Amino acid sequence: MSVQEITFVIIAVIGGVSAVRMVTSRNVVHAALYLVVTLAMVGAVYLVVAAEFLAWVQVLIYVGAIVVLLLFSLMLTKAPIGRDTLDNQQRGLAALVGMGVLAGLAFLIQDSFGGSKPITLHQATTEQVGVTLFRGFVWPFEVVSVLLLAALVGAVVIARKDDPAGSRRGPDRRAPLRRGSEATRR
Amino acid sequence: MIVLGFFLTAPMGIGYMEHKVLAHMQHRLGPMEAGGFHGWAQLVADGVKFIQKEDIIPKAADSWVFTLAPAVVMVPYIAIFAVIPFGRTLWAENLDIGIFYVLAITAISVIGILMAGWASANKFSLIGALRAAAQLIAYELPLILASVAVVMQAGTLSLVGISEAQHHYWYIFTQPVGFFIFIVASLAELTRPPFDMPIADSEIIFGAYTEYTGLKFAFFLLAEYGGIVAFSAIASVLFLGGYQGIPVIGHLIPGFFWMSGKVGALAFFIIWLRATYPRLREDQLQRFAWVALIPLALADIMVTGVVKVLVK
Amino acid sequence: MLSVLGQVSGGPAVAHGKLLFRPIGPELILVGVALAVMLLDAGYPERHHATLALLSLAGLAAAAAYSLSLWSWTGPTTVLGGMVAADRFTVFFRLVILGVAALAVLLSYQYLERADEVRGEYYPLLLFATAGMTLITAAADLIVVFLALEVLSLSLYLLTGFSFRRLASAEASMKYFLLGAFSSAFFLYGIALAYGATGTTNLAGIAHGLTGQVGPLSLALAASGLLAVGFGFKVAAVPFHMWAPDAYQGAPTCVTAFMSAGTKVAAFAAFLRVFDVAFSPLIWDWKPFVWILAALTMVVGSVLAIAQSDVKRMLAYSSVAHAGFILVGVTAASHAGIQAAMFYLAVYPAMILGAFGVVMVVSGRGERGLTLSSYAGLARRSPLVAAVLALLLLSLAGIPPTAGFIAKVAVFTAAIQSGHWPLALVGVLASVVAAFFYLRVIVLMYMQEPVIAGGQREAETGFDAEPGAVGSLGFVAIAVPALLTLIFGVFPGILFGVLKSASIIRF
C-alpha cells in the first residue's frame with residue numbers, strides 16, 4: 001500500500017466511525033459534532049486526491065458555516081445537556097435502508113470500477129479551477145446566484161410576520177428595530 | 001521550527017504587552033515584580049499559576065465536549081501560522097490558496113466556542129457562546145470580502161504571492177477601505193473590545209469560558225493572544241506588504257524583522273482599542289456588520305474589479 | 001503538503017471559447033424584471049399593486065418576444081460551454097411557459113386583491129419560478145437541469161405557502177418542500193452516478209459516452225433510474241404523486257393553476273431531453289420502467305379522482321392522470337412520440353390552468369366554496385363561466401372537438417406505432433374512467449338546482465350571479481385557455497406545423 005492509500009484508510013475509518021456514531025448518538029449536539037468530524041474527513045479525502053481547493057471549500061462551507069448554523073439553531077431552540085433524548089421508533093427500518101444503500105453502492109462501484117487501472121491524479125491549480133468556473137461553468141454559477149436570491153426572498157417572506165397592509169403604510173422604515181419593539185409592546 | 005517557535009512565544013509577548021500597555025494607558029505601572037525588570041516574567045508566573053490550579057469539570061457538564069472545546073478553539077490559530085510568510089523564504093508552507101486556507105481554518109474555532117458554551121451546562125455560558133457564534137458568522141463575511149479585494153488586486157491567493165505583489169507599494173494605499181474593514185472584522189472575530197459582547201463580564205460573567213479553570217482556561221487565553229498575532233500577521237501580509245520593507249532602507253533589515261514589527265504594531269493597535277472604546281450593544285454589533293461593513297466590502301470589491309479591468 | 005499524498009501531474013487543459021449570451025436572453029430578462037419588481041416594491045412601498053403586475057407582464061412579454069427571435073437562431077446548437085441548448089424545442093416550450101406565467105399573473109392579481117394578501121415578494125417569486133422553468137427547457141447539461149429545477153421548486157414551495165396565515169397553505173408548503181427536497185436528492189444522486197458512468201454531466205457527452213461503452217452498464221442504469229424517480233416526483237407520476245393533491249389543494253388557487261401547468265411542462269421538457277437524448281442508447285433498458293410508470297399513473301390518477309369531493313383535489317388527481325398520458329408519448333420515444341407529447345404539453349397547460357382559474361373565480365375569499373356541491377346550478381347563476389368550465393372539462397376528458405381529444409389521439413397513435421398497444425389500451429380505459437368525474441361536474445352545473453344551505457349560499461361560495469363579479473382580468477385568464485383548447489381542437493394542424501421543426505431536439 002502506498003502512503004496515499006494508508007492515509008485514505010485512516011481517514012475513511014475515522015469518517016465512517018463518526019458517521020455511524022452520528023446517527024446512533026442520542027444526544028443531538030453530539031450528533032452534530034460527529035457530523036463535523038465526518039465532513040472534515042470528507043475534506044481530507046479531497047486533499048488526498050489532490051483537490052486542494054475543494055477540500056478547503058468543504059471546510060469553509062460545511063464545517064465553518066453549515067454545522068455552525070446547525071449547532072446555533074439547535075442551541076437556540078433545544079439542546080438538552082446531559083440528557084439523551086433523541087430516539088425514534090424506526091431504527092430497524094432506517095438501519096435496513098442504510099445497509100441497502102451501502103450494499104447497492106458497493107455493488108455499483110465494484111461493478112463499474114473494480115479492476116480498472118488506477119487513475120493518475122491531476123492537481124488542479126486554483127487558476128484552473130477559477131478559469132473552469134468562470135468559463136465552462138459560468139452559467140450554472142450565475143443560476144446558483146439566482147437560486148440563492150430566491151431563497152433569500154423566501155426567507156423574508158416566511159420571517160416577515162407583520163401585517164402586509166401595515167408594513168406598506170409603515171411610517172418609519174429606516175428604524176426597523178423601533179418598529180419591532182412597538183410590535184412587541186402591542 | 002521557527003514558525004512553531006514564533007507561535008509559542010509571540011502570544012506570550014502579546015499578553016505581556018497587553019498588561020503593560022493597558023496599564024500605562026490607565027496611568028498604572030502594570031506588573032513590576034515578577035522577573036525583576038518591569039515584570040517581564042509575569043506571563044511565566046501566570047502560566048505556572050494556571051498549571052497549579054485545580055482542573056474543575058462541572059458535574060452537569062458534558063465532560064468530553066467540555067474538555068475538547070479549548071483545543072478546538074486553539075488548534076486553528078496554530079494551523080494558520082503554517083502559511084504565514086515571515087520572510088521571502090521563511091515560511092512553513094506556500095499554499096497555492098493560502099488566504100483561502102486561513103479563512104477556512106479560522107471558521108472552525110466557532111465550533112469550539114459553541115462546544116464550550118453548551119457543554120458547561122450554564123446559561124451564561126450558552127448565551128455567551130450563541131453571541132459569539134452569531135458575531136463570528138456575521139463578521140466572517142466582511143473579513144472574507146475584504147480579503148477578496150486584495151486577492152483581486154494581487155491576482156493570487158498565495159500569501160507569499162500577495163507579499164511579493166506588494167514589492168512596489170503596500171496595499172493599504174490602494175485598499176484603505178479594505179484595511180479598515182479587515183481590521184474591524186478581525187477585532188470582532190477575536191471578540192476583542194469593542195466587540196466583546198460574547199464575554200461581556202458585566203452581563204454574562206465570562207461568556208462561554210465562565211466554567212473553565214486552570215490549564216483549559218489558559219488555552220482559551222492562549223487562543224485569544226494567538227488569534228491577535230494571527231490576524232495581525234494576516235493583515236500585515238494583505239495590506240502592509242508582509243515582509244517587504246519600506247523603499248530606501250527596506251533591504252538593510254531582514255524581512256523577518258519587518259514582519260515582526262508590523263505584527264507588533266498592529267497588535268499594539270488592537271490593545272489600544274480596548275483601552276479606548278466602550279462595548280457595543282449586541283444589536284448594534286449585528287447591524288454594523290450587515291448594514292455597514294458588508295455593503296461597504298461589496299462596493300470595495302466592485303470598485304477594485306472595475307479599476308483592475310480599466311488599468312489592464 | 002500534497003506531494004506526500006499523491007502523484008501530481010499537470011492538470012487538464014481548459015477550453016477557451018467565446019461566451020454567447022444571446023440564447024439565454026429570455027432568462028436574463030425574467031430575472032432582471034424580477035429584480036426590478038423587487039426594487040420597486042422596496043423603494044416605493046406605497047405603490048399600486050397593478051404596477052407590479054403590469055411590470056411583470058411586460059417582462060414576460062419581452063421574454064416571449066425575445067424567445068421568438070431565437071426561433072431563427074443559426075449559431076452553435078449549444079452555448080456557454082455546452083450548458084445551454086439553443087434549439088426550437090426550447091423556443092416552443094419557453095413560449096408555452098411564458099404564456100402560462102402571463103395568465104397566472106392575471107389570475108394572481110385578482111386573487112391577491114380579493115384575499116388582501118398583496119405583498120411585494122409575490123411577483124418576483126413568480127418570475128423566478130418562470131425563469132427556472134424556461135431555463136430547464138434549455139438545459140443541455142444535467143447540472144443546469146438540476147439548478148433550474150431547484151430555482152423553480154424553491155420559488156414554488158414559497159408561493160405554495162404564500163398565504164401562510166391559512167394553515168392549509170403552510171401545511172401544503174411544508175409537505176411539498178419535504179418531498180421536493182427528497183426528490184431533489186434522488187435527482188442529484190442520479191447526476192452523480194451519470195457522471196461516474198460517463199465522466200461528464202453534459203447530455204450530449206452522456207449520450208456519446210454510453211454509445212461507445214462496452215463495460216458494465218449498471219452505473220448508467222442506476223443513474224437513469226434515479227433521474228426518472230426525480231422527474232417522476234416533479235411531474236407527479238404515480239407512485240411519486242403523494243405531494244400533488246395536498247400541495248395543489250393547500251396552495252393559493254392562482255399558484256395551483258400556475259404550478260400545475262408550468263411545472264409539468266418544464267419537467268417534461270427536461271424529461272424528454274434527458275431520456276430521449278442523453279439516455280437514448282439505453283432506450284430498451286429504461287423503457288419498461290417508464291412504461292409501468294405511465295400505466296400506473298393513468299390508472300391510479302383517474303380512479304382516485306373519482307373519490308374526491310373537493311374540486312381542487314379532483315383536478316390535482318386529474319393532473320396526475322394527465323402526467324400519465326404524457327408519459328405514454330415519452331415511452332413511445334419516437335419522433336412521433338416526442339411530437340405527440342409536445343402537443344399534449346402545449347394544450348394541457350391551457351386546460352388545467354383554465355380549470356383552476358374557474359375554480360379560483362368561483363371560490364370565495366379565503367378558499368371557501370371548493371366542494372363539488374357548490375358547483376350545483378352554476379349554469380344558472382353564471383352561464384358564461386359555466387360554459388367555459390364545461391368546455392375545459394370536456395377537453396380534459398378528451399372529447400372532440402377539443403384539443404384534449406387530439407392530444408390523446410396523438411399520444412396513443414404514437415404508442416401504437418412504437419408497438420406499445422397494451423399501454424394505449426390502458427390509456428383509453430383510463431380516459432373512460434376519467435370522463436366520469438369530469439362529466440359529473442358538468443351535470444352538476446347544468447342539471448341541478450343550486451344548493452341553498454340555510455341561506456348560506458352567498459357567504460359560502462362568495463360568488464354572486466353577476467357576470468361582472470368575475471372581474472374582467474380573471475375572465476380573460478379563463479377565456480383565453482378555453483378559446484385555445486377550442487382552436488387547437490378544431491385546427492390541430494397549426495400546432496403540428498410548428499412542432500414539425502420544434503420537435504427536433506438538437507444538442
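Predicted model: local features only at pLDDT ≥ 70, side-chain atom pairs only at ≥ 80, totals over all residues.
Just after helix α5 of chain B, B:Ala121 takes a positive phi of about 55°.

The buried residues run from B:Ser109, B:Val110 and B:Ile111 through B:Gly112, B:Ile113, B:Leu114 and B:Met115 to B:Ala116, B:Gly117, B:Trp118 and B:Ala119. What covers them comes from two chains: the cover includes α3 (63-80), α4 (98-106) and α6 (123-154) of chain B, together with α2 and α3 of chain A.

Chain A itself has eight helices and zero strands, in the order α-α-α-α-α-α-α-α along the sequence. Of its 186 residues, 24% count as buried. Among chain A contacts with a separation of 6 or more, 57% are between residues 24 or more positions apart.

Helix α11(B), residues 214-239, packs against helix α12(B), residues 255-276, at an angle of about 120°, and the axes are 8 Å apart. Angles of 65 to 115 degrees count as roughly perpendicular and those over 145 as roughly antiparallel. The two helices are therefore oblique to each other, and their crossing is right-handed. From α11(B), the residues that meet α12(B) are B:Ile228, B:Val229, B:Ser232, B:Ala233, B:Ala235 and B:Ser236. An α-helix has 3.6 residues a turn, so residues three or four places apart point the same way. On the α12(B) side, the partners are B:Met259, B:Lys262, B:Val263, B:Leu266, B:Ala267 and B:Ile270. The contact between the two helices has nine nonpolar, two polar and one charged residues.

Chain C has 20 helices and two strands. Buried residues make up 61% of its 507 residues. Of the chain C contacts with a separation of 6 or more, 80% join residues 24 or more positions apart.

The largest nonpolar core has 212 residues, and C:Val84 and C:Tyr344 are the members that touch the most others. Helix α13 of chain C, residues 335-362, gives the most to this core, with 21 residues. Leaving aside residues up to four places away in sequence, C:Val84 touches A:Trp139 in chain A and, within chain C, C:Pro23, C:Ile24, C:Thr78, C:Val79, C:Ala138, C:Ala139, C:Ala140 and C:Val144. Another core, of 126 residues, lies apart from the largest one, and its members include A:Val59, B:Phe86, B:Ala230 and B:Phe239.

Some backbone details of chain C deserve a look. In the loop between α8 and α9 of chain C lies C:Ala236, which has a positive phi of about 60° although it is not a glycine. C:Ala236 counts as buried because it has 28 C-beta neighbours inside 10 Å; the cut-off is 20 or more. The loop between α8 (218-235) and α9 (243-250) also holds C:Pro239, and the peptide bond from C:Val238 to C:Pro239 is cis, with omega near 5°. A cis peptide bond also joins C:Pro400 and C:Pro401, with omega about 10°. C:Pro401 is in the loop between α15 (383-397) and α16 (403-417) of chain C.

The last stop is C:Phe275, in helix α10 (residues 253-278) of chain C. With 22 C-beta neighbours inside 10 Å, C:Phe275 is also classed as buried. Beyond residues up to four places away in sequence, C:Phe275 touches C:Trp286 and C:Val330. C:Ile292 is 17 residues from C:Phe275 along the chain, and the C-alpha atoms of the two are separated by 16 Å.

Methods: Residues numbered from 1 in each chain as written. Chains lettered and ligands numbered in written order. Helix = DSSP H or I, 4+ residues; strand = E, 2+ residues; numbered from the N terminus. Buried ≥ 20, exposed ≤ 12 C-beta atoms within 10 Å, placed from the backbone. Contact = placed C-beta atoms within 7 Å. Core = buried A, V, L, I, M, F, W, Y, C linked by C-beta atoms within 7 Å. Axes fitted to C-alpha atoms, helices over the stretch in contact; angles between N-to-C directions. Parallel < 35°, antiparallel > 145°, perpendicular 65-115°, else oblique. Left-handed = near helix turned anticlockwise from the far one by under 90°. Nonpolar A, V, L, I, M, F, W, Y, C, P; charged D, E, K, R; others polar.
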